[in-house]
Amino acid sequence: MDTRSLGSTGLRVSPLGLGTMTWGRDTDEHDAAELLRDFLDAGGTTIDTSASYADGGSEEVIGQLLAATGTREDVVLVTKAGTRTTSRGNVLDAGRGAILDSLDASLRRLGTDRVDVLLVQAPDPRTPLEETVDALRRAVDSGRARYVGLCNHPGWSQARAATLLEASGTGLAAVEVEYSLLERGAEREVVPAAAALGTGLLAWSPLGRGVLTGKYRRTIPADSRAASAHLAGFVAPYLDESASAVVDAVAIAADGLGRTPGAVALAWLLGRPTVASALVGARTPAQLRAALVAAELVLPPEVAHALDEVSAPALGYPERR
């Protein structure tokens, strides 16, 4: 697959990224190795992880696989800091010390001396944004991160962080946010801000938490996230009547194009302005192979327009939580 610029930076990323939230937890090392191999063989480069995924287990698996295959220089590593594990569970902590300590631990697990992109995982209301941005600047100045950005932050935070970083000679390279045909709330502030600031957008859950594949149209598969006790609440917001209308439209378009619904949904997203990469959190090699075909699919304008219409958010449309 071709690569794209991450916003106005010189970093090139693959349009489909490999999400690894389940690695080290639901996806074992054997399946992870197959996923990585298929992804790289298809021309993919962008691997998205976090210090919080499986309490660092995701990064450990990635580090082991990159070392075993000698492919570190072939990938763009994106990781996140900003959460800290305590006796009370994970807590937000985007303070300078927490960000830099988390980055050092991530580098050890990943078996590398730098990550390509470091993101702050979520807004921390207890820490001034100025302090968080200073930690990102220090990460770049020390060479431990090549580029930095924010994840799940509102548009105003994005603009403020970009201003602070620019003053120090470092740019805001990326913003990662949930974005799909079922979640277009990012278009209110985050997408326009990214376009104005030259920030590349990384889209997580581009398949609407799996719903846009069409697998929930008739029933809930026993091995799906919606059937899982600890993940059912994650999928539930996209199983309502309004979401069903969008999924049906995607399925109709897919039938007409001879493609899968998932491929059509991903192609629509990859055609949106500012989107640099859609992060596909495939749990199995079969799921990844089904998604990879979307990288080269360009929707006919009339199909893209029809999907725009059926999924268009109403005025004041709230982001799903």
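Helices and strands are runs assigned by DSSP: a helix has at least four residues, a strand at least two, and both are numbered from the N terminus. By that rule, aspartate 48 lies in strand β4. The model described here is predicted.

## The barrel

Start with the strands. Eight of them close into a barrel, in the order β3-β4-β5-β8-β9-β10-β11-β12. The pairing is parallel. From one strand to the next, the twist averages 30°.

Look at some of the pairs. β3 and strand β4 (residues 46–48) run parallel and are joined by two bridges. Across this pair, leucine 18 stands opposite isoleucine 47 in β4. Strand β10 (residues 172–178) pairs with β11 in the parallel sense, over five bridges. There, alanine 174 has glycine 200 in β11 as its bridge partner. β11 is mostly covered, with four of its five residues buried.

In a regular strand, side chains alternate between the two faces of the sheet.

## Aspartate 48

Is aspartate 48 buried or exposed? Its relative accessible area is 3%. Buried means under 20%, so aspartate 48 is buried. What does aspartate 48 touch? Leaving out residues up to four places away in sequence, its contacts are Leu18, Gly19, Thr20, Tyr53, Val78, Lys80, Glu176 and Leu279.

## A hairpin

Strand β6 (residues 83–86) and strand β7 (residues 89–92) are antiparallel, joined by four bridges. They form a hairpin with two residues between them. Arginine 84 has valine 91 in β7 as its bridge partner.

Now turn to helix α3 (residues 96–110). It has 15 residues. From its first C-alpha to its last it reaches 21 Å, close to the 21 Å expected at 1.5 Å a residue. α3 packs on the sheet and touches β5 and β8. Its direction makes about 140° with that of β8.

Which residues of α3 are buried? They are Ala98, Ile99, Leu100, Ser102, Leu103, Ala105, Ser106, Leu107 and Leu110. Their cover includes α2 (57–69), β5 (76–81), β8 (115–120) and α4 (129–141). After α3 comes glycine 111, with a positive phi near 65°.

Helix α9 lies across β3, β11 (200–204) and β12. It runs at about 155° to β12.

Helix α10 (residues 285–292) has Pro285, Leu288, Ala291 and Leu292 as its buried residues. Why do they share a side of α10? They cover an arc of only 125° around the axis, so they sit on the same side of the helix. What covers them includes β3 (16–19), α1 (29–41), α9 and β12 (275–280).

The largest nonpolar core has 80 residues. Which of them touch the most other members? The answer is Trp23, Leu118, Leu201 and Leu212. Helix α9 (residues 261–270) supplies the largest share of this core, eight residues.

Take leucine 212 as a case. Not counting residues up to four places away in sequence, it touches Ser180, Leu181, Leu182, Pro206, Leu207, Val246, Val247, Val250, Pro261, Gly262 and Ala265.

A second core is separate and has 13 residues. Val13, Leu119, Ala173 and Ala276 are among them.

Most residues other than glycine have a negative phi. Alanine 54 has a positive phi although it is not a glycine. Threonine 274 also has a positive phi without being a glycine. Where do these residues lie? The table gives the places and values.

| Residue | Phi | Loop | Relative accessible area |
|---|---|---|---|
| Alanine 54 | about 55° | between β4 and α2 | 25% |
| Threonine 274 | about 75° | between α9 and β12 | 25% |

Terms used:
Residues are numbered from 1 along each chain as its sequence is written. This is a predicted model: local features need pLDDT of at least 70, side-chain atom pairs count only at pLDDT 80 or more; totals for chains, interfaces and linings use all residues. Side-chain values use heavy atoms; hydrogens and water are left out. A nonpolar core is a set of buried Ala, Val, Leu, Ile, Met, Phe, Trp, Tyr and Cys residues joined through side-chain atoms within 4.5 Å. Buried means under 20% relative accessible area, exposed over 50%, partly exposed in between (1.4 Å probe, protein chains only). Contact means heavy atoms within 4.5 Å. The expected span of a helix is 1.5 Å times one less than its number of residues. The arc is that of the directions from the helix axis to the C-beta atoms. Two strands pair if DSSP finds at least two bridges between them. Axes are lines fitted to C-alpha atoms, for helices over the stretch in contact, and angles run from 0 to 180 degrees between N-to-C directions.
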